Amino acid sequence: MIILPSRLKNTVVAYLHARSQLSSRGYIVGGNWDYEMGYFDYLLDDSTRTNYLRIPFYACKGSIEDKNGIIRMGNPYLLSVYDRMGLACSRVDEDERGIPASYINRGMELLEQAEEALLGS
């Protein structure tokens with residue numbers, strides 16, 4: 001996991017606005033969400049080692065599926081998930097060797113675009 005500095009951290013925004021803006025740019029709400037927290041995920045690669053840009057979020061008012069729900073964005077990070085014999089396993093790397101530099105650069109570009117979509121330039 002590589003934490004990326006971002007203007008999104010601690011930003012408060014309507015959930016439906018964030019979902020609309022980010023889904024139009026290729027993000028999905030990751031499968032591990034509940035009514036209090038979740039993740040906007042952007043798939044960078046899909047092979048035996050899958051790399052994501054992940055932007056966590058937390059409900060501040062209402063719930064995530066509430067049409068008036070308000071969320072606070074967490075600190076974005078890059079994540080690698082390895083598929084070993086058909087089982088997905090999260091691997092947290094202590095340094096950048098676990099994620100190729102090309103994905104780090106792409107993740108930072110995508111994060112800039114997400115920031116512009118939600119915060120403006």
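The structure is a predicted model, in which local features need pLDDT of at least 70 and side-chain atom pairs count only at pLDDT 80 or more, while totals for chains, interfaces and linings use all residues. Residues are numbered from 1 along each chain as its sequence is written, and side-chain values use heavy atoms, with hydrogens and water left out.

**Confidence**
- The mean pLDDT (the predictor's confidence in each residue, from 0 to 100) of the chain is 84, and 83% of its residues reach 70 or more.

**Nonpolar core**
- A nonpolar core is a set of buried Ala, Val, Leu, Ile, Met, Phe, Trp, Tyr and Cys residues joined through side-chain atoms within 4.5 Å; buried means under 20% relative accessible area, exposed over 50%, and partly exposed in between (1.4 Å probe, protein chains only).
- The largest such core has 25 residues, and Tyr27, Phe40, Leu53, Ile55, Ile71, Met73 and Leu78 have the most contacts inside it.
- At least two residues of this core come from each of helix 1 (15-23), strand 4 (37-45), strand 5, strand 6 (70-73) and helix 2 (101-119), with helix 2 giving the most, six residues.
- Beyond four places in sequence, Tyr27 is in contact (heavy atoms within 4.5 Å) with residues including Phe40, Leu53, Ile55 and Leu110.

**Largest pocket**
- A pocket here is an open set of points on a 1 Å grid over the protein atoms alone, where a 1.4 Å probe fits, with protein on both sides within 12 Å along at least five of seven lines; lining residues have an atom within 4 Å of a point.
- Ten residues line the largest pocket, and Asn32, Asp41, Tyr52, Arg54 and Val81 lie nearest its centre.
- Strand 5 (49-61) and strand 7 (77-84) are the elements that give two or more residues to this lining.

**Two loop residues**
- Gly30 sits in the loop between strand 3 (28-29) and strand 4, and counts as buried because its relative accessibility is 2%.
- Leaving aside neighbours within four places in sequence, Gly30 is in contact with Tyr39 and Asp41.
- Asn10, in the loop between strand 1 (2-3) and strand 2 (12-14), has a phi near 70°, a positive value in a residue other than glycine.
- With a relative accessible area of 46%, Asn10 is partly exposed.

Definitions and conventions
Helix = DSSP H or I, 4+ residues; strand = E, 2+ residues; numbered from the N terminus.
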